[in-house]
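Here is a colleague's note on a structure that may be new to you. Please read the numbered points with the sequence and the model open.

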Amino acid sequence: MIRTVSDKKRSRVTLEQVAKHAGVSRATASLVVRGSSNISKETREKVLRSMKELGYVYDRVAANLRSQRSSTVGLIITELDNPFFSELLVGVHEALDQEGYTVILGTTFDRPEKQDALLSTMLEHRVGGVIMSPVPGCSTEMVERLRQWDIPVVLFARDELPAGQFDYIGIDNVAGGRMATEHLLDQGHRRIAFIGGSPQSSVWKARQRGYGEALRAAGIEVDDALLVPSATTRQGGRMAAKRVLQQPNPPTALFCYNDVVAFGAMLGLKEEGIVPGRDIAVVGFDNIQESALFQPPLTTVAAFPEKIGACAARRLHERMKGDDSEPKRTILHPELVIRQSSRKSD
């Protein structure tokens with residue numbers, strides 16, 4: 001059988017395979033390939049033996065290309081409409097500008113095919129690394145492709161890929177969901193809805209988990225009728241609020257997936273003649289700048305998007321400068337910011 005060029009590419013032995021064969025981490029195998037003096041003689045010989053047995057060939061041309069493209073970084077977000085990402089971009093750009101990087105920005109709109117296309121385009125432009133918020137349900141093929149490209153990848157905000165594969169920077173969404181719900185419970189509410197977001201998202205699952213933990217700790221079972229997913233937009237929040245209020249036993253408080261959903265929910269409540277902060281309590285998540293200016297000012301969970309962006313950018317810079325340590329998870333602790341949109345239940 002005649003093998004095509006693409007067949008040969010697929011059959012190329014990867015450094016990941018060498019590491020597995022030698023029983024070491026990929027980071028250790030990489031250090032051996034690059035001649036690091038921080039590796040023991042025994043480990044070095046073991047890796048070199050595996051390289052020989054598997055037929056691994058160090059692609060120096062590709063390595064040189066990586067070093068040439070190290071001044072360009074790919075940044076992939078899900079949307080631009082949400083001010084959370086705008087604030088996060090500020091943190092990314094400020095950190096990367098200090099190091100002289102150029103950023104190529106792409107938006108997935110939560111479509112896997114768009115994410116794949118963006119990643120391919122960025123690789124063609126020889127980015128030295130990628131910072132991304134992955135779409136829900138990423139395939140194992142995409143994960144493997146990222147690893148084989150052998151460029152640093154730092155994930156932020158969404159923890160959609162298998163743990164331990166890449167660096168991750170994010171907020172403790174479980175704790176945030178718990179503190180938002182506990183605040184509403186402390187205000188005397190017992191019928192608390194969780195509205196907005198997609199159940200397929202790791203962020204939704206984590207915030208819903210915190211919400212459920214707080215309710216159960218108060219002796220209240222989660223009522224599935226009070227879980228109302230929606231698009232993470234103002235219109236999505238507006239429709240979700242109206243939908244949940246049509247129930248026979250409507251909630252007295254709304255915990256919203258994010259601030260944008262909360263803004264929409266409050267607009268929807270006002271259209272129904274219901275005053276947020278007086279007739280029904282509303283809590284958001286993110287603490288974007290507009291939350292303090294909305295009427296009424298929104299009680300919310302601070303997720304520190306600018307800090308997340310800066311942390312992700314600094315971590316990528318460390319990787320691009322040669323840090324081959326095992327992937328790290330950096331989880332920021334959220335804070336509850338109480339304003340006028342949540343009230344004490346009568």
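**Notes on the model**

1. Of the 14 residues of H9, 11 are buried, so this helix is largely enclosed by the rest of the structure. The model is a predicted one. The buried residues of H9 are Asn173, Val174, Ala175, Gly176, Gly177, Met179, Ala180, Thr181, His183, Leu184 and Leu185. Here a residue counts as buried if its relative accessible area is under 20%.

2. The length of H9 can be checked against its residue count. Helix H9 covers residues 173-186, and at 1.5 Å a residue its 14 residues should span 20 Å. The end C-alpha atoms of H9 are 20 Å apart, which agrees with that expectation.

3. Both ends of H9 deserve a look. At its start, a side-chain oxygen of aspartate 172 comes to within 3.3 Å of the backbone nitrogen of valine 174. After H9 comes glycine 188, which has a positive phi, near 100°.

4. Next, the aromatic rings. How many aromatic pairs are there? The count comes to 5. In one of them, phenylalanine 194 and tryptophan 204 form a tilted pair, with 5.6 Å from centre to centre and 35° between the planes. Phenylalanine 194 belongs to strand S6 (residues 192-195) and tryptophan 204 to helix H10 (residues 202-217), so this pair ties together parts that are 10 residues apart in sequence. Phenylalanine 194 and tryptophan 204 are both buried.

5. Phenylalanine 194 also pairs with phenylalanine 255. This pair is stacked, at 5.0 Å centre to centre and with 25° between the planes. It links distant parts of the chain, since phenylalanine 194 is in strand S6 and phenylalanine 255 is in strand S8 (residues 253-256), 61 residues apart. Phenylalanine 255 is buried, as is phenylalanine 194. Ring pairs join Phe194, Trp204, Tyr211 and Phe255 into a cluster.

6. Arginine 207 is placed over two rings. Over the face of tyrosine 257, arginine 207 lies at 5.0 Å from the ring centre. Over the face of phenylalanine 285, arginine 207 lies at 3.6 Å from the ring centre.

7. Alanine 253 is opposite alanine 281 in S9.

8. Another open sheet of 6 strands runs in the order S2-S1-S3-S4-S5-S11, with parallel pairing. Its edge strands are strand S2 (102-107) and strand S11 (329-332), and each pairs on one side only. On average, neighbouring strands of this sheet are turned by 15° against each other, direction ignored. Strand S3 (residues 129-132) and strand S4 (residues 153-156) pair in the parallel sense over 3 bridges, and methionine 132 stands opposite leucine 155 in S4.

9. Is asparagine 287 buried or partly exposed? With a relative accessible area of 22%, asparagine 287 is partly exposed.

10. Phenylalanine 109 also calls for a check of its backbone. Although it is not a glycine, phenylalanine 109 has a positive phi of about 55°. Its place is in the loop between S2 and helix H7 (112-124). Phenylalanine 109 counts as exposed, because its relative accessibility is 53% and the cut-off for exposed is over 50%.

Conventions: Residues numbered from 1 in each chain as written. Predicted model: local features only at pLDDT ≥ 70, side-chain atom pairs only at ≥ 80, totals over all residues. Heavy atoms only, no water. Helix = DSSP H or I, 4+ residues; strand = E, 2+ residues; numbered from the N terminus. Expected span 1.5 Å × (residues − 1). Buried < 20%, exposed > 50% of the residue type's maximum accessible area, 1.4 Å probe, protein only. Polar contact = N/O pair within 3.5 Å; in protein donor to acceptor, adjacent residues only side chain to side chain. Phe/Tyr/Trp six-rings, centres within 6.5 Å; stacked < 30°, edge-to-face > 60°. Lys NZ or Arg CZ within 6 Å of the ring centre and 35° of its normal. Pairing = 2+ DSSP bridges. Axes fitted to C-alpha atoms, helices over the stretch in contact; angles between N-to-C directions.
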